[in-house]
Amino acid sequence: MESGAFEVLRNPDAVYQSCIDEDGSPILLTDVVVIGNGPSGLALSAFLAGWKPFYNKKSAHPSRVLHQKLLGHAETSLVDQELSCLEEYCAAEDGGRSAHPLSVLYDSLVRPDADLGHEHASSLRWEHKTEQRVPHVVIGAGPPGGSWNDYDDDIMPLSLSTWLDLPGFGISQWLGGQILCARLPCLVIRKYFKAYPKHMGIRKNLLSYATVTNVQKFIDTDGRHMWDVRGNHVNGPFHFRCKKVVLATGLKSPRMLNLPGEAQNERVLHDLQPLKQAIFNDIACTVDVMSGVCSMKPVLVVGDGITAADSVLHCLANNIPVIHLFRRSQKEIKSTLLGRLSNSIYPEYQSVVRLMVGREVDALYQPMPQSSVVAIDDAVAEVKSPSGETTVEFRYMVVCIGRRPDLHFLPSVSADLTAVHPLTYESPSAPGLYCVGPLAGDNFVRFLVGGCLGAARHIIASCASDDQI
Ligand SMILES: Cc1cc2nc3c(=O)[nH]c(=O)nc-3n(C[C@H](O)[C@H](O)[C@H](O)COP(=O)(O)OP(=O)(O)OC[C@H]3O[C@@H](n4cnc5c(N)ncnc54)[C@H](O)[C@@H]3O)c2cc1C
């Protein structure tokens, strides 16, 4: 590798630099490679591209403590100022929504008192400091927007639309005025995520339709920790060499019950989409004209989260009988994410909760609380419940018990890899490797942007100190 190649990248418009490696193979040099082009990858890219949030004195935060702490540094961006003093404040503010103080802080500054139903203006203003750009590439398997490209068009997002704002260019700005509906369909949100890179000037940083297949760490001849990132783009293979790697890969794969035969059983599905497809293709799912219901065996829905509720709603909307099995007791359901959703904003989910806790009945719906599937044999599930072991016959079983990351491109994944530092988002077990978004515990867009701010702060500071060496 040419010495000083990284300095060439200080040209702010250079996203990467073509070079030849030790073996004579072509290689692309950049400072940072971000893997994943969902909301996390896009938010981080904006920060690395020089978009800086400043405390807006003219739009004071309703918390006097926070206002006083930030007022004295209003001329320095949140990317560039010392913020660890806020850790205590944020920990006190957080109601268990996110494990990370910066996630809570950023959310609170952009949407002051949002959880109390207030619609205060954002306490942040934005400046684009183009001279402070960090050369970086954001690699994603599909188009910008990440997993939002896969969400069902019929489903309304859980988040209010303003909670899905990415840094510096919110949904209302994109729509050109105040949003009149609290929740916008996934289709609209997806279009916003696609429009975001152009507006923020980060399109040149995105390498879409490219999959990372291998990430390796090594120490270069100057003793610096470096990373090689290899993969395939629609136009052929690529090989990046960089100082930092950020995993913004989200939670891709549905979790399984891990029971023998589960993966091979065509009637056992994971997630709503395959269930919808199976019901659509299955002649047995057609409604009997006389009775108005399906005479087929029930769909067994496993789980008590949002996707499980969506599956129940889909079956009931198609007059398909449902057995809904979940581990928690009916009393415990009230304190889950699903149970806490407000009836006025989420009437569809509250209707499922009422069925789950027995406050309402439906001839097509049977709840099985405090139960778990212990074995599956063809179309029969062996179920353990408080009344003992029983069997449940099903047409389909849909397992909706969350998602897990797919990090197969890393040579070894230890459990503490994603247990990142709460302020820098760097992995303590792999310096130079960062995790953001759900991978780091920031599951919702409103929180993951603050996490990306934390990672960007650390990356920008350490890239700048490298340059001074
Ligand atoms: C059904 C459902 C509904 C949801 N609703 C909401 C909601 O209403 N509000 C909310 O805030 N959150 C919601 N979420 C949570 C969601 O995880 C976040 O909104 C957000 O998408 C996380 O952003 P991310 O960029 O970290 O990950 P993702 O959006 O998952 O994007 C990561 C991207 O990285 C790509 N990738 C992974 N591995 C590689 C690789 N090796 N090479 C190249 N690319 C790779 C993936 O293809 C993916 O496109 C929902 C999640 C689900 C499953």
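I looked up the shell around the ligand by class: it has 16 nonpolar, 16 polar and one charged residues. I count Ala, Val, Leu, Ile, Met, Phe, Trp, Tyr, Cys and Pro as nonpolar, Asp, Glu, Lys and Arg as charged, and the others, Gly among them, as polar. This is a predicted model: local features need pLDDT of at least 70, side-chain atom pairs count only at pLDDT 80 or more, and totals for chains, interfaces and linings use all residues. Residues are numbered from 1 along each chain as its sequence is written.

I then asked which of the 33 residues come nearest to the ligand (C-beta, placed from the backbone, within 6 Å). They are Gly-36, Gly-38, Gly-146, Gly-250 and Gly-437. Helix H2 (39-48) gives the most to the shell, three residues. Strand S8 (210-219) and H13 each supply at least two. Helices (H or I, at least four residues) and strands (E, at least two) are DSSP runs, numbered from the N terminus.

Next, the cores. A nonpolar core joins buried Ala, Val, Leu, Ile, Met, Phe, Trp, Tyr and Cys residues through C-beta atoms within 7 Å; buried means 20 or more other C-beta atoms within 10 Å of a residue's own. The largest has 78 residues, and Phe-47 and Cys-452 are among those with the most contacts inside it. Helix H13 (residues 445-468) brings the largest share, 11 residues. Leaving aside neighbours within four places in sequence, I find Phe-47 in contact (C-beta atoms, placed from the backbone, within 7 Å) with Val-79, Pro-167, Cys-452, Leu-453 and Ala-456. Apart from this core lies another, of 38 residues, including Ala-309 and Val-392.

Terms used. A residue is buried if 20 or more other C-beta atoms lie within 10 Å of its own, exposed if 12 or fewer, and partly exposed in between; C-beta atoms are placed from the backbone. Two residues are in contact if their C-beta atoms, placed from the backbone, lie within 7 Å.
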